[in-house]
Amino acid sequence: MCGIIGYIGEREAAEILVEGLKRLEYRGYDSVGIVTEKGELFIKKGAGKIDELKEKLKLHEMPGNRGIGHTRWATHGIPNDINAHPHTDCTGKIAVVHNGIIENYLELRSELEKKGHTFKSDTDTEVIAHLIEEALKDSSTFEGALRKALLKLRGSFALGIMYAGDKERLYFVRNESPLVLGIGNGEMFAASDIPAFLPYTNKVVFLDDGEYAVVSKDAFTVKDLGTGKEKKKEIHEINWTLEMAEKQGYPHFMLKEIHEQPKAVKEAIYGNLETIDKVAEEIAKYEKMFVVAMGTSYHAGIAAKYLFQRLANKPVLVEEASEFRYEFENIVDENSLVIAITQSGETADTLAAIRLAKKKGAKVLSIVNVVGSMATRLSDLVIYTHAGPEIGVAATKTYTTQLTVLTMLAIALAKVLNTVDEDYLKKLKAELLKLPRYIEAVLGYENKIKSLAEELIDRRDFFYIGRGISVATALEGALKLKEISYIHAEGLSAGELKHGPLALIEEGVPVVAISPSGKTFDKMVSNIQEVNARKGFVISLGDNEELEKVSKVFLKMPKIDELLSPIVYIVPLQLLAYHLAVLRGNDPDKPRNLAKSVTVE
Ligand code: AGP
């Protein structure tokens, strides 16, 4: 959904901007542009990826010690050189980079055109530069004009703004799109996400909606957009390191992040071990439980439903946040607990669902990876997943850590509510601590999975089936394959197969059967046989060796309680998706049409 960056200090700005944009490329990668200043504004931009454009346009050679930059994920206007950011006003003195959508841009554009402004691009962003230009005509200061113009915007925006006439400052604005300031020594940064400036500082200030920052090399001031009054902001120190945000020898971030899962799950466990009981006590009294999330986080929510229902006897409604916000207004109330799952903490739909829940008086608990992100600031309670930065667009370690903390929470809730046998809870806890080892063991299947990917490279459709909590694994396995390999895949409950999808099973169609031992294991074997009868290509994952007899490929999984199995069973499926994507010539870190954080609805 676009990445923006800004720098002001003593160093050559262009190099820092280009390097930072590279780290933000996961947010969008169809066009790139930067503007720097040395006496006048210098702008270079174009359609394409950063590495190509860096050489072609000699981006890193642009002069000056302050600048802003942008990597684009097109919403308004096709990806081409003209629509690439920065966008400027008629005078060429005001440059703007933008992440988000200006909903009223058509009406603003037509008003501005009537006043004589000439537009060059098809973007919604360009109106912002012209609006400021217009406001500047009767404002004594640039900041005053900026506020006046921005108050006319409707929609979501994180903005970086630079004015040729104000050589000491940069301006940044946040409304419903992420933006964070990086506080250096004699230099300042701003970006959509922390890794962009992590080589230089880990001291950050998170902007809230409706705030703007005036940033010079030695100072920053944050103000309320509506009133213009200064706001006190806390400086946070982030414990992410540069190594965490680099590939460290892996060909792709996704593969690195898959392999980081034993460590990430361990951090998730030990980072929450002492606090989880307290959270469980706080939520135990709520009768109505909702889980809201999107994409992979939504699949973690599906697993959560089985965990809370089985362990704590709590019925749970899991809803895509994009549906929840429009359909649940009359259902959610002060007796409700809403659990929002979001790795970024910035997904527009999930934030909207949280806001609705808060408005209706519900208690909101967020499960988040990015410290200080918007979801954490809107919620009553937060559990961090401690996965470290995830750069690959496809969620991997953030998913397994979400599952880990949700499992811990369900166990803690069961203890508070006294809903299951204590010995069983003890057994679950002991197995939980062994998860990092189990994940390490299944990572050992990588070569086998790579060979399998070679065999299946040309298949058009995949099916993933499971029962109970394994439905979550089926859905997530299918999503991983779709988003990075571009092969059609469906995840469904195995019981649903006979009710329609079985019609699509014919010779050689891969069916991944997620079959841990548990109360529906026999039923799964029957479903596998139904696929075999249609000559489907069964790949089964399970701990029972009987599966080998009924499968083309069998991946023996560690013997583990069914409720914990999603955390381990998804790992081979992530590897399968990864290797299929690479073999098919795709970049798994930057799947087409997708962006890491979806900050527009
Ligand atoms: C999954 O691989 C995707 N990255 C996507 O489905 C993602 O899980 C979804 O956009 C939600 O993101 P969030 O967890 O940051 O809210």
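This is a predicted model: local features need pLDDT of at least 70, side-chain atom pairs count only at pLDDT 80 or more; totals for chains, interfaces and linings use all residues.
As a general point, strands of a sheet pair through backbone hydrogen bonds, either parallel or antiparallel.

Inside this order, strand 7 covers residues 155-163 and strand 8 covers residues 170-175. Five bridges join the two, and they run antiparallel. Leu 159 has Val 173 of strand 8 as its bridge partner.

Strand 11 (residues 203-206) has two pairings to describe. With strand 9 (residues 180-183), strand 11 pairs in the antiparallel sense over three bridges. Here Leu 181 has Val 205 of strand 11 as its bridge partner.

The other pairing is with strand 15 (residues 236-237). Two bridges join strand 11 to strand 15, and the strands again run antiparallel. Lys 203 stands opposite Glu 237 in strand 15.

Met 374 lies in helix 12, which spans residues 374-378. Is Met 374 buried or exposed? Its relative accessible area is 5%. The cut-off for buried is under 20%, so Met 374 counts as buried.

Which residues does Met 374 touch, leaving out those up to four places away in sequence? The contacts are Arg 174, Asp 208, Asp 209, Gly 345, Glu 346, Leu 351 and Arg 355. His 117 is a separate reference point: 257 residues from Met 374 in sequence and 36 Å away in space, C-alpha to C-alpha.

## Aromatic pairs

The count of aromatic pairs comes to nine. One of them joins Phe 189 and Phe 197, with 5.9 Å centre to centre and 35° between the planes. That pair is tilted. Both of its residues, Phe 189 and Phe 197, are buried. Another pair is Phe 324 with Phe 328, with ring centres 5.1 Å apart. Their planes meet at 15°. The cut-off for stacking is under 30 degrees, so this pair is stacked. Phe 324 and Phe 328 are both buried as well.

Ring pairs also build a cluster. Its members are Tyr 7, Phe 189, Phe 197 and Tyr 200.

## Charges over rings

Two cases place a charged side-chain end over an aromatic ring. In one, the charged end of Lys 305 sits over the ring of Tyr 306, 5.7 Å from the ring centre. In the other, the charged end of Arg 459 sits over the ring of Phe 537, 5.5 Å from the centre.

## Cysteines

How many disulfides does the structure hold? The number is zero. In general, a disulfide is a covalent bond between the sulfur atoms of two cysteines.

Technical notes:
Residues are numbered from 1 along each chain as its sequence is written. Side-chain values use heavy atoms; hydrogens and water are left out. A disulfide is a pair of cysteine sulfur atoms within 2.5 Å. Rings of Phe, Tyr and Trp (its six-membered ring) pair if their centres lie within 6.5 Å; planes under 30 degrees apart count as stacked, over 60 as edge-to-face and the rest as tilted. Buried means under 20% relative accessible area, exposed over 50%, partly exposed in between (1.4 Å probe, protein chains only). A charge sits over a ring if NZ of Lys or CZ of Arg is within 6 Å of the ring centre and within 35 degrees of the ring normal. Two strands pair if DSSP finds at least two bridges between them. Helices (H or I, at least four residues) and strands (E, at least two) are DSSP runs, numbered from the N terminus. Contact means heavy atoms within 4.5 Å.
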